[in-house]
Amino acid sequence: MSFLAIDIGNTRLKWAVYDDGAQPGAQPLQHGAVFLENIDRLADEDWQGLAPPRRMLGSNVAGDAVRRRVEEQMEHWDLTARWVVPAPETAGIRNGYDHPTRLGADRWVAVIGAHAHARQRGFDGPVLTVMVGTAVTVDALSSDAQFLGGLILPGHGIMLRALEGGTAGLRVPTGEVRDFPTNTSDALTTGGTFAITGAIERMYRLLHQREGRAPLLLMTGGAGWKVAPAVDVPHELVEGLIFDGLLAINAAPRI
Ligand SMILES: Nc1ncnc2c1ncn2[C@@H]1O[C@H](COP(=O)(O)OP(=O)(O)O)[C@@H](O)[C@H]1O
Ligand SMILES: CC(C)(COP(=O)(O)O)[C@@H](O)C(=O)NCCC(=O)O
Ligand SMILES: [K+]
């Protein structure tokens, strides 16, 4: 008996299978990732031979058409598709968004996963959740489990494509992160990285000031490992924060 967790972002679908009843932080039995252009082959490829999961829960920010295509891939299992819709309160966390349902499901789930991590290690202060995927999000949770709000900014790829498309002289190879870049490649790479890390550090400072306590900063997402080394405040890279949030919601009394 197993639980299938699915995280559909704007670039890739990530999936993981757990033992029924697994808690946040558990190791998946199996996991994988596919680019969205390949999701119609999940049943025939990645999920071929997978023991039929008993339950599933997903987060999707790629739209209804993508969700339906993924549901088609699960049709051969006797499974009710369940997708997270951000609510005013989930798993003991209150959602401070003006319109709670308009918050990205991935952001809500990641904040819930980050809260579970904090509690598991006995930390009861504020938590800053950073996801570096197609876009970058930086989301603040207060010490008393209120989601205060957060930022959305372009990911590195989108920033570079915008600059390439809007200028004549910025089509250059990827560079390095440098303190004082002296060529176009390094200037672009450092600019993108500092835009992201600068936003993270500013939110960290704001949350610290508001709560009077240093936040726990957890980073996740496909490109988190690229950005983390340049972040100047204490932080941790947690690979499956969304999966941990899905496990927490699945284990909570009701969604
Ligand atoms: N091995 C990799 N495969 C795919 N994307 C990667 C990889 N390593 C880093 N990335 C970066 O991570 C981003 C995708 O991360 P992901 O968390 O899957 O995004 P999303 O949740 O928005 O689909 C891409 O924009 C890419 O720049
Ligand atoms: C901000 C996002 C595009 C991030 O998507 P991702 O980078 O994970 O593909 C997604 O969370 C989203 O569509 N959010 C809805 C708008 C909001 O959160 O306010
Ligand atoms: K994501």
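Leaving aside residues up to four places away in sequence, Thr-184 touches Leu-170 and Val-172; touching, or being in contact, means that the C-beta atoms of two residues, placed from the backbone, lie within 7 Å. Keep in mind that this is a predicted model, where local features need pLDDT of at least 70, side-chain atom pairs count only at pLDDT 80 or more, and totals for chains, interfaces and linings use all residues. Residues are numbered from 1 along each chain as its sequence is written, while chains get letters from A and ligands get numbers from 1 in the order in which they are written.

**Thr-184 and the UniProt positions**

- Thr-184 sits in helix α4, residues 184–211 (helices are DSSP runs of H or I with at least four residues, strands are runs of E with at least two, and both are numbered from the N terminus).
- Thr-184 counts as partly exposed because it has 14 C-beta neighbours inside 10 Å. The cut-offs go like this: 20 or more other C-beta atoms within 10 Å of a residue's own makes it buried, 12 or fewer makes it exposed, and anything in between is partly exposed, with C-beta atoms placed from the backbone.
- An unreviewed UniProt entry lists Tyr-97, Gly-104, Ala-105, Asp-106, Arg-107 and Thr-184 under "binding site". These residues spread over 88 residues of sequence and also spread out in space, with up to 39.0 Å between C-alpha atoms.
- A word on that record: its positions are given in the numbering used here, feature names are shortened, and annotations may be inferred rather than shown by experiment.
- Gly-104 has 21 C-beta neighbours inside 10 Å, so it counts as buried.

- You'll find Ala-91 in the loop between β5 (89–90) and β6 (93–95), and it is buried because 23 other C-beta atoms lie within 10 Å.
- Ala-145 also isn't a glycine, yet has a positive phi of about 65°. Look for Ala-145 in the loop between β8 (135–141) and β9 (146–154); with 19 other C-beta atoms within 10 Å, it is partly exposed.

**Ile-152 in strand β9**

- Ile-152 belongs to strand β9 and is partly exposed, since 13 other C-beta atoms lie within 10 Å.
- Not counting residues up to four places away in sequence, Ile-152 touches Ala-135 and Thr-137.
- Ile-152 and Val-70 are 82 residues apart in sequence, and C-alpha to C-alpha they are 26 Å apart in space.
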